[in-house]
2 protein chains.
Amino acid sequence: MGLQAAMQSHLALHFCFIPMERISLASKKLPTANYKGTRDFYPEDMQFRNWMFSKMETVAESYGYGKYDSPLLESIDLYRAKTGEEIVQKQLYDFIDKGERHVAIRPEMTPSLARMVAARSRELPKPIRWYSIPNLWRYEAPGKGRLREHWQLNVDIFGVNTYRAEVEILQMACDILFAFGAPAESFAVKVSDRRVLNSFFSNTLQLAEDKAQPLAKLLDKRNKISSEEFEKELQGILPDCEKQKPVVMQYLDCSLETIVQIPGIDEKAIADLQFLFTELKSLGVEAQVDFDPSIIRGFDYYTGFIFEIFDTDPENRRSLYGGGRYDNLIGLFSNDQLSGIGFGLGDVTLENFLRTHGLVPEQLGKTHKVFMPLLAEENFAASMQLAKKLRERGVICETMLEGKPKLGKQFAIAEKKGYRYLAILGEDEIQKNTVTLKDLVSGEQSEYKQDEVAEIILGK
Amino acid sequence: MGLQAAMQSHLALHFCFIPMERISLASKKLPTANYKGTRDFYPEDMQFRNWMFSKMETVAESYGYGKYDSPLLESIDLYRAKTGEEIVQKQLYDFIDKGERHVAIRPEMTPSLARMVAARSRELPKPIRWYSIPNLWRYEAPGKGRLREHWQLNVDIFGVNTYRAEVEILQMACDILFAFGAPAESFAVKVSDRRVLNSFFSNTLQLAEDKAQPLAKLLDKRNKISSEEFEKELQGILPDCEKQKPVVMQYLDCSLETIVQIPGIDEKAIADLQFLFTELKSLGVEAQVDFDPSIIRGFDYYTGFIFEIFDTDPENRRSLYGGGRYDNLIGLFSNDQLSGIGFGLGDVTLENFLRTHGLVPEQLGKTHKVFMPLLAEENFAASMQLAKKLRERGVICETMLEGKPKLGKQFAIAEKKGYRYLAILGEDEIQKNTVTLKDLVSGEQSEYKQDEVAEIILGK
């Protein structure tokens, strides 16, 4: 029975189920486009992704962080309880499964992390140091740096209640960019503490609690709106705008030295930040770190330290990533208290940064690899045997399996596939137990014993 | 503003949206269980997963296969056209997205692979050699070896129309198990060719086309039903059961040598299989490979070579994985013809095999790692600086950030986290620029210069 017959019998068998769809699909071709806002990763794209992820992994592992993962689907209750309203209402990929459970594809990792930590919060030795690089889904209008499926490095430490953990997290956040060869001047780190803002609101401004959130939101978007608009909104929030506005403006421009002049600011928070700067200095990473009381970052979420890292390139001047301390991550699941600090770094954002600053090397793949053309059909067995030997010694070896196309075209395939070396095995070489190794970059070629060529390739 | 206040303000802000849910969630604790049929991967589980995946990756890469990935969601049309009816009807995680598109979480990788290959089928240099380890979702009743989310190694080669590709695929399929240290006798490979079965059906039995599928299904489940049941169903399919049944039984017991005695069997297929065995023999992997005309495997799907690998352990005697040749993978998208061979290996199945045969080493993680207790609060800066030095030289170094708990408990944390070495930095060591390295297994400890200890750890 040929292919056509097999297909017909297949169609016939299921005729009773959805015949029209099957038939129309068989005659009409399906589009090859991927789902909107996502990416297909062809091997060359995947090589880049692997390179980027493995650098991040190496840094996280070097600090003793362990990688974790959670299922892609979670109960929607988790996100209703822990995720911002806008995401849950407008951006969540949620649906009812075949067992009537309301589930969602994870839009962020933290709720799953909280669930996993809470499940074992007592038995896990502290500090808990974990990281992950999950794919996340949000229904967004795709645009530059914004996709529906993206990956995000998540790094978190739990169970250290002093600013010592802040030192480590900030050091690591910088180390990740340094690991890609980013110059110190290519990024700037702004740090603050939620307690600074909170004490400014409640002590300095004596703001009613229901005004705190709107004012925080306004300060956060300050640079995106006109000063008239800012002033107008400020008047709507501050009870005595004329007197309070100068105080707000003074606050926003404060350094760590001048902020103590503002009455009512949380002294412990300032002392903690001073400690942070002292330690960062001794670790040689203070150059690009600055105190900035105006950074807001997840007002509802963080309870202490917050930071945000910005690209300094004028073409790409944007927030790269950030994070902070949250005091009750597992509170939704348990009565235990466990304080943590974490940050998240998206792959699209990082890729933009790396490309803007020319930090992507030309050669991302492994170099210990050869391509073996097939000079004649009768050389097949000898070719396969040599390939086997090379692989056993750790060389990557791809072979042509048929004696066509012509040799020149086989060479072209090797180049197109990015191979630098050709291992040429002719009748002559087979008889002498040798192989000719050709460097496609220099054009040089030499004959080696088959037992020695692996070492030559690995040593080059 | 304290945490409680922040939470209240958060609640207040969104009161208009879903107040009852928020309030009930705030008072009632959420469960920490993961979604049914899935796994949370804690760092120790992830270490196992990484170990397993990286072995598979190393083998695939050694043959020159490039890793690819596709978005998790695809249009449901893709699965309606390419995936088995039962999966689409009963096991698919499909839903309507917020833009009214009917999408599904991938239940298998091949449809996405076909789409991606079809999109670039002309420009991709042949042979196309690709692999992937995607997570896949099926709504199934969870059971041993059957989960709703699992990972599956997918390996495919396209653009080689002779049995040469079969040699490579089968060699690689065996190499994957060998890479885990599987003994040759721990698994058995059964191979056949769809053309053998097809010619037996149409030439030998002269079966009408509508009988081919039911007979194939019956032969496939032969070992799961009683011989009475088998006979009864056989009578319903074969027009002349009395005469034809002995022929069927003879066919099922054939070796590659005896099958030529059955009239009508496709001679090219037999010659191809003979070539395969000759080549496998010269590559030293023929011992566990056998011809078995009774293997069926995806009757609708494969068009040529098929194989299936079985665990030989009596406790775990089951199909591990398999694959075969399909001639029109991209036919749904394009008029181009591109023949391929592929196979898929699930992580749950592989893990069962590895554990059954005792192939999981005790130590899966990296060994060049040390844990640094904090002996006194004032040693913090010195400790962080030494850790930084060690990491820069490639040592994994996790540090305690606070001088509590007591030293004995800090040692216990190191052991619980699986560290073998402790780097102890007391006042004495700090003054002398040294560090004491303690081996938790042997109990030995020695003092080293801080600049030399990295080499000691890496060299051990």
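This is a predicted model: local features need pLDDT of at least 70, side-chain atom pairs count only at pLDDT 80 or more; totals for chains, interfaces and linings use all residues.
The interface comes first. One salt bridge between the chains joins Asp94(B) to Lys98(A), with 3.2 Å from N to O. Salt bridges also link Arg129(A), Glu168(A), Glu398(B) and Lys417(B) into a network, with members from chain A and chain B.

Over all chains the structure has 47 aromatic pairs. In one of them, the ring centres of Phe200(A) and Tyr251(A) are 4.0 Å apart and the planes meet at 10°; an angle under 30 degrees counts as stacked, so this pair is stacked. Phe200(A) belongs to helix H8 (residues 194-204) of chain A, while Tyr251(A) belongs to helix H11 (residues 241-252) of chain A, so the pair ties together parts that are 51 residues apart in sequence. Phe200(A) and Tyr251(A) are both buried.

A pair in chain B has another geometry. The rings of Phe371(B) and Tyr419(B) have centres 5.3 Å apart and planes at 50°, so the pair is tilted. Phe371(B) is in strand E13 (residues 369-372) of chain B and Tyr419(B) is in the loop between helix H15 (407-416) and strand E15 (421-424) of chain B, so the pair ties together parts that are 48 residues apart in sequence. Both Phe371(B) and Tyr419(B) are buried. Ring pairs also build a cluster with members from chain A and chain B. From chain A it contains Tyr35(A), Tyr93(A), Phe95(A), Trp137(A) and Tyr139(A), and from chain B it contains Tyr35(B), Tyr93(B), Phe95(B), Trp137(B) and Tyr139(B).

Salt bridges within the chains come next. The whole structure has 58 salt bridges over all chains. One of these joins the side chains of Arg325(A) and Glu166(A), at 2.7 Å from N to O. This pair links distant parts of the chain, with Arg325(A) in strand E11 (residues 319-326) of chain A and Glu166(A) in helix H7 (residues 164-179) of chain A, 159 residues apart. Arg325(A) and Glu166(A) are both buried.

Glu308(A) and Arg297(A) also meet in a salt bridge, at 3.4 Å from N to O. Glu308(A) lies in strand E10 (residues 305-311) of chain A and Arg297(A) in the loop between strand E9 (289-291) and E10 of chain A, so the pair ties together parts that are 11 residues apart in sequence. Glu308(A) has a relative accessible area of 13% and is therefore buried, whereas Arg297(A), at 22% relative accessibility, counts as partly exposed. The cut-off for buried is under 20%.

In chain B, the side chains of Arg115(B) and Glu74(B) form a salt bridge of 2.9 Å, N to O. The two residues connect distant parts of the chain: Arg115(B) is in helix H6 (residues 110-119) of chain B and Glu74(B) in strand E2 (residues 73-75) of chain B, 41 residues apart. Arg115(B) is buried at 1% relative accessibility, and Glu74(B) is buried with a relative accessible area of 2%.

The last stop is in chain A. Helix H13 (residues 347-356) of chain A is mostly covered, with seven of its 10 residues buried. The buried residues include Asp347(A), Asn352(A) and Phe353(A). Just after H13(A), Gly358(A) has a positive phi of about 60°.

A polar atom of the Ser186(A) side chain lies 2.6 Å from the backbone oxygen of Pro183(A). Not counting residues up to four places away in sequence, Ser186(A) touches Phe310(A), Asp311(A), Thr312(A), Asp313(A), Phe353(A) and His357(A).

How values were computed. Residues are numbered from 1 along each chain as its sequence is written. Chains are lettered from A and ligands numbered from 1 in the order in which they are written. Side-chain values use heavy atoms; hydrogens and water are left out. A salt bridge is a side-chain nitrogen of Lys or Arg within 4 Å of a carboxyl oxygen of Asp or Glu. Rings of Phe, Tyr and Trp (its six-membered ring) pair if their centres lie within 6.5 Å; planes under 30 degrees apart count as stacked, over 60 as edge-to-face and the rest as tilted. Helices (H or I, at least four residues) and strands (E, at least two) are DSSP runs, numbered from the N terminus. Buried means under 20% relative accessible area, exposed over 50%, partly exposed in between (1.4 Å probe, protein chains only). A polar contact is a pair of N or O atoms within 3.5 Å; within protein, one must be able to donate a hydrogen and the other to accept it, and residues adjacent in sequence count only if both atoms are side-chain atoms. Contact means heavy atoms within 4.5 Å.
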